[in-house]
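Here is a friendly briefing to read alongside the protein model. Take a look at the sequence and the structure before you go on.

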Amino acid sequence: MRALVARAVGEPPRVEDVDLPAPGPGQVRVEIRAAGVCHSDLSMVNGTVASPYPLVLGHEAAGVVVEVGDGVSRVVPGEHVVLNWAPPCRRCWHCGHDEPWLCERAGTPAVARGRTSGGEQLHVTLGLGALAEQVVVPQHAVIPVPAELPMEVAALLGCAVLTGIGAVRRTARVAPGDSVAVVGLGGVGLSVVSAARAAGAGPVLAVDVSPAKAELALAAGATDFLVADESLSRAVRALTAGRGVDHAVECVGRGSTIRAAWRATRRGGQVIVVGMGGKDDIVSLSAMDIFHSARTLRSSVYGPSDPDRDVPELARAVLDGTLDLGFLITDRTTLDGAAEAFARMARGEGARTVVVPQ
Ligand SMILES: [Zn+2]
Ligand SMILES: [Zn+2]
């Protein structure tokens with residue numbers, strides 16, 4: 001089958017023929033119908049997150065189960081599923097303490113699976129490698145969803161939407177009337193904007209380095225768009241009676257933008273880090289600033305959600321019309337167009353590109 005494979009840091013990924021093993025006990029084969037191009041995949045290509053190569057990219061996808069291994073009870077062939085890049089084991093300490101998003105056995109950046117056509121050991125992103133015609137994954141990495149749910153929307157539920165909505169509802173617990181700033185307007189950031197507005201927040205200040213994101217931000221529900229530059233904290237204060245926002249959500253994963261979010265937050269407010277950054281990127285805050293600002297700095301990992309519970313709930317909300325995600329998809333392409341979608345994302349253009357592999 002064909003898959004989008006990264007071979008070296010900084011080199012554009014290419015479509016290659018690869019071989020996946022047949023589903024073993026407890027595994028399923030899924031034909032991918034739609035896969036989003038997410039910024040975390042870019043981090044595996046540009047070296048922000050160190051990865052073994054060759055690596056099949058992609059971790060945000062939906063498809064149809066086509067084959068199941070022995071002992072699979074969760075799904076049957078023909079079922080539509082959303083892929084989960086952090087399936088909880090349900091046995092470790094975190095899983096036992098209602099924190100499945102911190103499962104000790106989930107979320108490994110790259111897992112060895114399959115072979116290239118030349119016989120090399122292949123790796124798959126976050127245990128999935130979903131920018132491909134098919135994946136073979138453990139049954140717990142698939143979540144059944146209704147067949148009426150459009151595949152391209154289903155794909156986004158598995159990463160950008162779960163992460164963005166969860167950051168607003170579960171981590172920040174945004175209440176009506178709260179002020180929110182969102183820094184970084186990719187798929188996750190735009191989901192945060194939309195969820196903040198749906199929670200009754202106002203103002204919702206959308207921030208990006210690219211002025212071209214203004215229109216997308218307003219379509220997602222932002223009340224104002226601000227360009228991220230030196231004057232950002234002044235601009236935010238001007239819109240929040242001089243105080244700064246109650247919640248600043250950082251969706252980039254960079255020391256400089258975490259600091260910008262910190263400075264845009266009011267005394268006693270909270271900074272939520274959603275972006276996944278590099279391990280050598282240091283955020284420095286003075287001891288006096290930490291004490292005097294009385295701000296809270298928190299991270300929000302994958303929601304924090306239990307995808308087995310929350311993905312079906314989001315799917316129902318899309319189907320009953322209470323969750324509209326149309327604003328998120330700005331481009332559609334095939335597997336052959338996926339490398340160009342990475343280039344667009346690296347340039348900061350558009351929201352989500354959805355790849356339809358077949
Ligand atoms: Zn993602
Ligand atoms: Zn666990």
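The points below cover a metal site, a barrel, a pocket and several individual residues.

This is a predicted model, in which local features need pLDDT of at least 70 and side-chain atom pairs count only at pLDDT 80 or more, while totals for chains, interfaces and linings use all residues. Residues are numbered from 1 along each chain as its sequence is written, chains are lettered from A and ligands numbered from 1 in the order in which they are written, and side-chain values use heavy atoms, leaving out hydrogens and water.

**The zinc site**

- Three protein donors, Cys38 (SG), His59 (NE2) and Cys159 (SG), lie 2.0 to 2.2 Å from the zinc ion (ligand 1).
- Donors are N, O and S atoms within 2.8 Å of the metal (3.2 Å for Na, K and Ca), and since water is not among the atoms, sites may look incomplete.
- Along the chain, the zinc donors follow the spacing C-x20-H-x99-C.
- His59 sits in the loop between strand 4 (55-56) and strand 5 (61-68), while Cys159 is in helix 3 (residues 151-172), so this pair links distant parts of the chain, 100 residues apart.
- Helices (H or I, at least four residues) and strands (E, at least two) are DSSP runs, numbered from the N terminus.
- Both His59 and Cys159 are buried, where buried means under 20% relative accessible area, exposed means over 50% and partly exposed lies in between (1.4 Å probe, protein chains only).

**The barrel**

- Five strands form a closed barrel in the order 1-2-7-8-4, with mixed pairing; two strands pair if DSSP finds at least two bridges between them.
- Strand 7 (residues 110-116) and strand 8 (residues 121-125) run antiparallel and are joined by four bridges.
- Val111 stands opposite Val124 in strand 8.

**The second largest pocket**

- Its lining consists of 21 residues, and Pro87, Arg105, Ala106, Pro138 and His140 lie nearest the centre.
- A pocket is an open set of points on a 1 Å grid over the protein atoms alone, where a 1.4 Å probe fits, with protein on both sides within 12 Å along at least five of seven lines; lining residues have an atom within 4 Å of a point.
- Ten of the lining residues are nonpolar, five are polar and six are charged.
- Ala, Val, Leu, Ile, Met, Phe, Trp, Tyr, Cys and Pro count as nonpolar, Asp, Glu, Lys and Arg as charged, and the others, Gly among them, as polar.

- Leu156 is found in helix 3 and counts as buried because its relative accessibility is 1%.
- The contacts of Leu156 (heavy atoms within 4.5 Å) include Gly36, Glu60, Leu328 and Arg352, not counting residues up to four places away in sequence.
- Thr257 belongs to helix 7 (residues 255-264) and is also buried, because its relative accessibility is 15%.

**Backbone details**

- The peptide bond from Tyr53 to Pro54 is cis, with omega near -10 degrees, and Pro54 lies in the loop between helix 1 (39-45) and strand 4.
- A cis peptide bond also runs from Gly202 to Pro203, with omega near -5 degrees.
- Arg173, a residue other than glycine, has a positive phi near 50 degrees and is exposed, with a relative accessible area of 62%.
- Ala241 has a positive phi near 50 degrees and counts as exposed at 65% relative accessibility.
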